[in-house]
Amino acid sequence: MENVRTTPAPLSGKIALVAGATRGAGRAMAVELGRAGATVYVTGRTTREHVSEVGRSSETIEETAELVTRAGGRGIAVPTDHLDPEQVRALVDRIDAEQHRLDILVNDIWGGDVHVEWDKKMWEHDLDKGLRILRLGVETHIVTSRFALPLLIRNEGGLVVEVTDGTEEYNKRYRKPYYYDLAKAAPLRMARALAEELKEYGCTAVCLSPGWLRSEAMLDTYFKVSEEHWLDGTEQNPHFAISETPTYVGRALAALAADPDVARWNGASLSSGGLAKEYGFTDVDGSAPDAWRYITEVDQESPTADVTGYR
């Protein structure tokens with residue numbers, strides 16, 4: 001019988017924590033890390049026994065962990081409220097006890113959309129809801145990094161990924177309303193600051209944004225379409241044609257994590273579409289949408305959608 005040479009998975013032996021992996025980009029990033037061979041701890045507040053304030057029982061962290069394992073990695077679900085320092089401390093202590101290292105930290109914690117009053121001015125927006133948005137989108141990332149980074153910096157080559165919506169260039173625009181704008185700008189600055197603090201330890205921090213994400217809620221709640229028939233959503237908004245699956249940003253993360261020269265991106269604002277050009281991956285349909293370039297050059301300028309040259 002002919003010998004078949006097998007190539008080790010690029011992230012075999014790597015330990016990752018994807019904080020905020022219940023659904024959407026977080027779930028896909030966890031799965032793609034697993035597909036590349038990593039052991040992935042996945043956290044969130046929605047489990048098979050408890051539903052978070054997001055209000056979706058259809059996605060759970062246990063299911064995410066199973067998908068990671070099915071993809072070829074090892075998924076470990078740990079229910080965690082990242083606003084609770086003691087829960088986060090216990091999470092990191094568990095990773096340390098079980099793995100003795102952390103190679104990849106992904107801060108994808110969010111859940112603030114349910115509190116956003118999209119058409120309200122700052123002084124009209126409910127204050128409690130606004131502050132909750134900031135706690136969910138900013139404080140959670142800070143608490144998680146505070147406890148996870150001492151473990152990550154034990155070894156050179158560690159990667160921290162702050163996840164937001166929008167590139168640094170695009171987010172120079174006002175992303176109304178006020179509290180949403182702050183929540184989506186903060187991870188960009190967090191990545192820049194951590195990049196400076198991590199350099200001496202041989203570790204890297206970046207900020208990563210998906211494009212127009214066809215998350216579960218975007219499909220079934222906002223556009224009321226299935227992934228199979230997602231193009232039907234263009235009847236409501238023709239620019240939906242530039243949208244992408246969560247897998248696309250998952251592949252972007254896996255490519256970053258497997259890049260031996262990832263430090264060249266230290267402090268950078270990156271996007272799934274931009275990294276696709278760099279690393280050569282595609283979305284699941286074989287296309288390579290560059291959503292933020294499209295949104296800037298077409299969506300903001302024209303009511304007519306034409307994705308030619310953008311995917």
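**Reading the features**

Modeller: Start with Thr140, which lies in helix H4. Helices here are DSSP runs of H or I, at least four residues, and strands are E runs of at least two, numbered from the N terminus. This is a predicted model, where local features need pLDDT of at least 70, side-chain atom pairs count only at pLDDT 80 or more, and totals for chains, interfaces and linings use all residues. Residues are numbered from 1 along each chain as its sequence is written, and side-chain values use heavy atoms, with hydrogens and water left out.

Colleague: Is Thr140 buried or exposed?

Modeller: Thr140 has a relative accessible area of 2%, so it is buried (under 20%; exposed is over 50%, partly exposed in between; 1.4 Å probe, protein chains only).

Colleague: What does Thr140 contact?

Modeller: Contact means heavy atoms within 4.5 Å. Set aside neighbours within four places in sequence, and Thr140 is in contact with His82, Leu83, Ile109 and Arg135.

Colleague: How do the axes of H4 and H5 lie?

Modeller: An axis is a line fitted to C-alpha atoms, for helices over the stretch in contact; angles run from 0 to 180 degrees between N-to-C directions. H4 (residues 127-152) and H5 (residues 178-198) have axes that come within 9 Å and cross at roughly 15°. H4 is therefore roughly parallel to H5 (under 35 degrees; over 145 is roughly antiparallel, 65 to 115 roughly perpendicular, the rest oblique).

Colleague: Which residues make the contact of H4 with H5?

Modeller: From H4, they include Leu131, Leu134, Val138 and Ser145. From H5, Ala183, Ala186 and Met190 are among them. The contact residues divide into 15 nonpolar, 4 polar and no charged.

Colleague: How many disulfides does the structure hold?

Modeller: A disulfide is a covalent bond between the sulfur atoms of two cysteines. The test is a pair of cysteine sulfur atoms within 2.5 Å. The structure holds 0 disulfides. For Cys203, the nearest cysteine sulfur is that of Cys207, 18 Å away. That is too far for a bond. Cys203 is buried at 3% relative accessibility, and Cys207 is buried at 1%.

Colleague: Where is Ala65 found, and what does it touch?

Modeller: Ala65 is in helix H2 (residues 61-71). Its relative accessibility is 6%, so Ala65 counts as buried. Not counting residues up to four places away in sequence, Ala65 touches Val42, Gly75, Ile76 and Ala77. Val262 is 197 residues from Ala65 along the chain, and their C-alpha atoms are separated by 26 Å.

Conventions
Ala, Val, Leu, Ile, Met, Phe, Trp, Tyr, Cys and Pro count as nonpolar, Asp, Glu, Lys and Arg as charged, and the others, Gly among them, as polar.
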